[in-house]
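This report concerns the packing inside one protein chain and the confidence with which it is modelled. Please consult the sequence and the structure shown here.

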Amino acid sequence: VAFDKTGTLTEGVPVVAAILVVAGAALDAEGLLTLAAAAERPSEHPLGRAIAATALARGLVVPPAAEFVSVPGRGVSAVVAGRRVTVGSPLLPGTTPPPEAEVAQLVAHLQGEGRTAVVVTVDGVPSGVLGLADRLRLTAAGTVDALRSLTGRTPVLLTGDNAGAAGRVAEEVGITEVRAGLLPQDKVTAIASLQADGTRVALVGDGVNDAPALAAAHLGIAMGRHGSDLALETADAVIVRDDLATLPAVIDLSRRARRVIAQNLLFAATVICALVVLDLAGHLPLPLGVAGHEGSTVVVGLNGLRLLSRRAWSGGEQKG
């Protein structure tokens, strides 16, 4: 099982914890946040929503944006009050590399604190960095442990976030294999590498960036409450209430269902073969044939009903 980070292992409701303005930028912290919020307002990404929500919560007047462009894995770009504003990676088209000495230090400082750093560029010039923090889901660590017991392998973390923030989350939930800084196509490549030895891979994600990897995995699972429309459309299954604890439970239930199906097929085939042999070897009375055939159907139905028991639905959670 592979997990996305933001909105999957974390609650997907990040908050802006720090606003750092580049020295010499003709903006203060509120001005930087206002421009970033205006550019992010049409975005479906959890970080974009958080930036817009923080500006509104502070009572800032967020102007409308035009020419909005979203580049999956990179960030967004829009024209705000006649200025081209990009939020996310400084490598979006139309921007210039940031001054190494300052912006890189600000980014490194925030990432060192386990926060997600987002660069805000105005008219091609990096003007500041926003630091966002998210809370881990309460069931994340237990789910990872349960999946490790069920599958025999520790889940993998695939994220577009920085290595510092990803490593902090992975350490808290017990994940040892982390692949950070991934673009959407990089996640697809990572899924392919996990599948290379014949391993069946399930990916759990929620964002637009996860959609290609959800399609590439054997089983794509989307978080339903805050998941993007594209992720929900692409996924094979949806966790409606965003409760990660249902994941090991449903995997365990699917294995039980497979075993029950095999039992039912074997039992039904055995009964039919026995009736055929009796009929060919001698004489099979009609009442006995009907009773044997219909009786096996009843037994198959009753055996299948065992999957409705509370124990069957909570098996994965109990193992965790």
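In this predicted model, Leu130 touches Ala18, Ile19, Leu32, Ala36, Ile51, Leu110, Thr116, Ala117, Val118 and Val120, not counting residues up to four places away in sequence; contact means heavy atoms within 4.5 Å. Apart from it lies another core, of 19 residues, with Ala170, Val173, Met223 and Leu244 among them. A nonpolar core is a set of buried Ala, Val, Leu, Ile, Met, Phe, Trp, Tyr and Cys residues joined through side-chain atoms within 4.5 Å. Buried means under 20% relative accessible area, exposed over 50%, and partly exposed in between (1.4 Å probe, protein chains only).

The largest nonpolar core has 26 residues, of which Ile51, Val85, Val87, Val120, Leu130 and Leu132 touch the most other members.

Asn162 counts as buried because its relative accessibility is 11%. Leaving aside neighbours within four places in sequence, Asn162 is in contact with Gln111, Arg115, Thr116, Ala117 and Ala180.

| Backbone nitrogen | Distance to a polar side-chain atom of Asn162 |
|---|---|
| Gly164 | 3.0 Å |
| Ala165 | 2.7 Å |

The mean pLDDT (the predictor's confidence in each residue, from 0 to 100) is 87 for the chain, and 93% of its residues reach 70 or more. Over residues 92-98, pLDDT stays under 50. Where pLDDT is low, the predicted coordinates should not be read in detail.

Residues are numbered from 1 along each chain as its sequence is written, and side-chain values use heavy atoms, leaving out hydrogens and water. Local features need pLDDT of at least 70 and side-chain atom pairs count only at pLDDT 80 or more, whereas totals for chains, interfaces and linings use all residues.

Conventions
Polar contact = N/O pair within 3.5 Å; in protein donor to acceptor, adjacent residues only side chain to side chain.
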